[in-house]
Amino acid sequence: MTREEAAKLVQERIDELLKKPRRPEDIRASDETGEEARATVVVSTVLALHNAKQDALRLNKLQAALVRIENGTFGVCQDCGEPISHARLRACPEADDCRDCAEKKSVTTYPNSMPRGPRGSASPLYRQNRR
C-alpha cells in the first residue's frame with residue numbers, strides 16, 4: 001500500500017466518522033408514552049453517548065495513523081517492528097500493531113474472553129459456536 005493510498009483510506013474513515021450524528025439530542029423520542037417512553041429515551045441516550053465515545057477514540061487513532069503515514073512508520077507494528085499485513089490495514093487502517101501482537105494484548109487484557117487453541121488461535125469449539 002502506497003503512502004497516498006494509505007492516507008486516502010484513513011481520510012475516508014475519518015470523513016465517515018465525522019458525518020455520523022453523535023449527540024444525544026439527535027435521538028428522537030418514539031410515540032410511546034409514560035414509563036416505556038422514558039426508558040426508551042434513557043437507553044437510546046446511553047447508547048448514543050457510548051457510540052460517541054467509541055467514535056472519538058477511533059477518530060484519535062485514525063489521526064495518529066495520519067501522523068504515522070507522514071513519519072513513514074505506518075504499517076509497522078509499534079510493538080515488534082514487523083510489517084502489518086495489508087489486509088489488516090485495509091480493514092482497520094488505524095491499527096498500530098500486527099495481528100499477533102494485537103492478539104497477545106487481547107488475551108492479556110481479556111484473558112477469559114475467548115477460548116484459545118494451539119498457538120493462541122481461537123479454539124475450534126469457539127469458531128463452531130460463532131457460525
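Reply: Here's a walk through the salt bridges, pair by pair.

Quick housekeeping: this is a predicted model, where local features need pLDDT of at least 70, side-chain atom pairs count only at pLDDT 80 or more, and totals for chains, interfaces and linings use all residues. Residues are numbered from 1 along each chain as its sequence is written, and side-chain values use heavy atoms, with hydrogens and water left out.

Searching the whole structure turns up six salt bridges (a side-chain nitrogen of Lys or Arg within 4 Å of a carboxyl oxygen of Asp or Glu). Take Glu 94 and Arg 58, whose closest N and O atoms are 2.7 Å apart. Glu 94 is in the loop between α3 (86-91) and α4 (99-109), while Arg 58 is in helix α2 (residues 34-71), so this pair ties together parts 36 residues apart in sequence. Helices here are DSSP runs (H or I, at least four residues), numbered from the N terminus. Glu 94 is buried at 12% relative accessibility, and Arg 58 is partly exposed at 26%; buried means under 20% relative accessible area, exposed over 50%, and partly exposed in between (1.4 Å probe, protein chains only).

Over in helix α4, Glu 103 and Arg 99 sit four residues apart, about one turn of the helix. Their salt bridge has its closest N and O atoms 3.8 Å apart. Glu 103 is partly exposed at 27%, whereas Arg 99 is exposed at 54%.

There's a network too: salt bridges with shared partners join Asp 79, Arg 88, Asp 97 and Lys 105. Within that group, Lys 105 meets Asp 97 at 3.0 Å, N to O. Asp 97 is buried at 7%, and Lys 105 is partly exposed at 37%.

Methods
Helices (H or I, at least four residues) and strands (E, at least two) are DSSP runs, numbered from the N terminus.
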